[in-house]
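Please keep the sequence and the coordinates at hand while reading.

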Amino acid sequence: MSKLAYLGPEGTFCEAALRELAPEAERLPCANVRAALDAVRNGEAEGAVVPLENSLEGGIAQTLDELAWGQPLLIVAELLLPVEFSLLVRPGTESRQIKRIFTHPAAHTQCRDFIDRELPGAVVVHSSSTAGAAQEIANPESPYDAAIGPSIAGEIYDLTELASNIGDRNDTVTRFVRVAPPGTLPEPTGADRSSMVAFLRDDHAGALLEMLSEFSVRGVNLTRIESRPTGDGIGSYFFHFDCEGHVAEARVGEAISGLHRVSGDLRFLGSYPRADKVPTQIKRGTADPDFAEAAGWLSRMRAGAVQR
């Protein structure tokens with residue numbers, strides 16, 4: 001049985017995602033995303049499940065940065081998990097008594113309207129996880145009066161659900177990824193995604209366009225692009241890319257190879273099956289046989305053949 005680390009403690013959305021991705025795996029709760037990924041890097045776990053992006057908030061900064069800067073890991077699977085939040089309190093607490101709310105920054109972002117409308121005077125303090133916030137609230141000596149998190153966390157820590165489904169949108173989804181040490185990639189399925197991180201070689205007009213062109217000229221559709229600061233000063237960024245397709249496919253492999261040529265540094269994060277199972281739409285002239293035929297034609301031309 002494999003052991004998978006996750007953003008804990010028990011009762012997080014991350015644990016729910018892990019249960020779906022690998023129901024038989026032994027679960028190792030960790031204090032934060034870095035700790036979960038480090039558990040894989042140091043061999044304490046065979047893999048980890050961490051949040052990557054949210055349909056309302058966008059990319060999860062800590063995960064994006066850890067995948068870019070930490071010891072390399074590969075994404076091998078993904079899951080799209082619907083997210084619903086509840087207002088959790090110690091038994092006997094009423095709404096008028098809530099002055100300080102404890103929750104994860106992503107949950108705060110997704111529940112702003114509810115907080116502004118129902119608890120306008122409350123101060124929100126950020127925690128490392130929603131389940132961790134619920135665990136803290138369960139302590140009678142806690143300085144916080146309420147937590148925002150999944151209803152299952154309330155059940156685990158014996159809290160009262162004062163309000164349910166309090167998110168600003170009822171269709172919010174978080175994308176979780178399973179990561180593993182570098183090794184054999186999942187086989188292509190025809191409905192895949194590839195991820196990578198690229199750093200600019202130097203800042204000049206059209207630098208980002210040069211990167212994007214490597215995908216567009218080969219008919220590779222980008223499903224996400226996100227910039228993150230390098231920490232080297234205002235205006236210095238690197239970029240996370242997700243694209244349709246598998247690196248084993250000619251058009252995707254050539255696009256990533258081209259990106260490697262024009263970028264200052266490139267980190268490949270993996271090719272893996274898409275959670276939504278949407279097949280990749282391949283433009284005319286960009287299928288593997290098209291690349292093979294073109295390569296053969298070029299070889300003949302280099303050998304001196306003259307053809308139309």
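Is Leu-18 buried or exposed? Leu-18 is buried, its relative accessible area being 0%; buried means under 20% relative accessible area, exposed over 50%, and partly exposed in between, with a 1.4 Å probe and protein chains only. The model is a predicted one, in which local features need pLDDT of at least 70 and side-chain atom pairs count only at pLDDT 80 or more, while totals for chains, interfaces and linings use all residues. Residues are numbered from 1 along each chain as its sequence is written, and side-chain values use heavy atoms, with hydrogens and water left out.

Leu-18 belongs to helix 1, residues 13–21. Helices (H or I, at least four residues) and strands (E, at least two) are DSSP runs, numbered from the N terminus. Leaving aside residues up to four places away in sequence, Leu-18 touches Leu-4, Ala-5, Tyr-6, Pro-23, Arg-27 and Val-49, a contact being heavy atoms within 4.5 Å. The C-alpha atom of Leu-18 is also 8.4 Å from that of Ala-48, although 30 residues separate the two along the chain.

The view may now widen to the whole chain. The protein chain contains 10 helices and 15 strands, and its C-alpha atoms fill a box of roughly 85 × 45 × 35 Å along the principal axes. Of its 308 residues, 46% are buried. Among contacts with a separation of 6 or more, 74% join residues 24 or more positions apart. The accessible surface comes to about 14900 Å², and carbon and sulfur atoms contribute 50% of that area; these areas come from the Shrake-Rupley method with a 1.4 Å probe, and for residues only the protein chains shown count as cover.

Which residues of helix 8 are buried? Within residues 207–216, they are Ala-207, Met-211, Glu-214 and Phe-215. These residues lie on the same side of helix 8 because they cover an arc of only 100° around the axis, the arc being that of the directions from the helix axis to the C-beta atoms. The partners against which the buried residues of helix 8 pack are strand 12 (192–199), strand 13 (222–229), strand 14 (237–244) and helix 9 (250–262).

Charge is the next topic. The protein chain carries 29 positive and 43 negative side chains, and the centres of the two sets are 6 Å apart. Lys and Arg count as positive and Asp and Glu as negative, with His and the chain ends not counted; each charge is placed at NZ of Lys, CZ of Arg, CG of Asp or CD of Glu. Side chains of opposite charge can pair when their charged atoms come close. A salt bridge is a side-chain nitrogen of Lys or Arg within 4 Å of a carboxyl oxygen of Asp or Glu, and by this rule there are 22 salt bridges.

Glu-15 is buried at 5% relative accessibility, whereas Arg-27 is partly exposed at 31%.

Arg-274 and Glu-244 form another salt bridge, at 3.2 Å from N to O. Here too distant parts of the chain are linked: Arg-274 is in the loop between strand 15 (265–273) and helix 10 (288–302), and Glu-244 is in strand 14, 30 residues apart. Both Arg-274 and Glu-244 are buried.

The backbone geometry remains. Most residues other than glycine have a negative phi, and most peptide bonds are trans. The peptide bond from Gly-8 to Pro-9, however, is cis, with omega near 5°; Pro-9 lies in the loop between strand 1 (3–7) and helix 1. Asp-158, which is not a glycine, has a positive phi of about 55°. It is in the loop between helix 7 (151–156) and strand 10 (160–163), and Asp-158 is exposed at 61% relative accessibility. Lys-277 likewise has a positive phi, near 60°. Lys-277 lies in the loop between strand 15 and helix 10 and is exposed at 63% relative accessibility.
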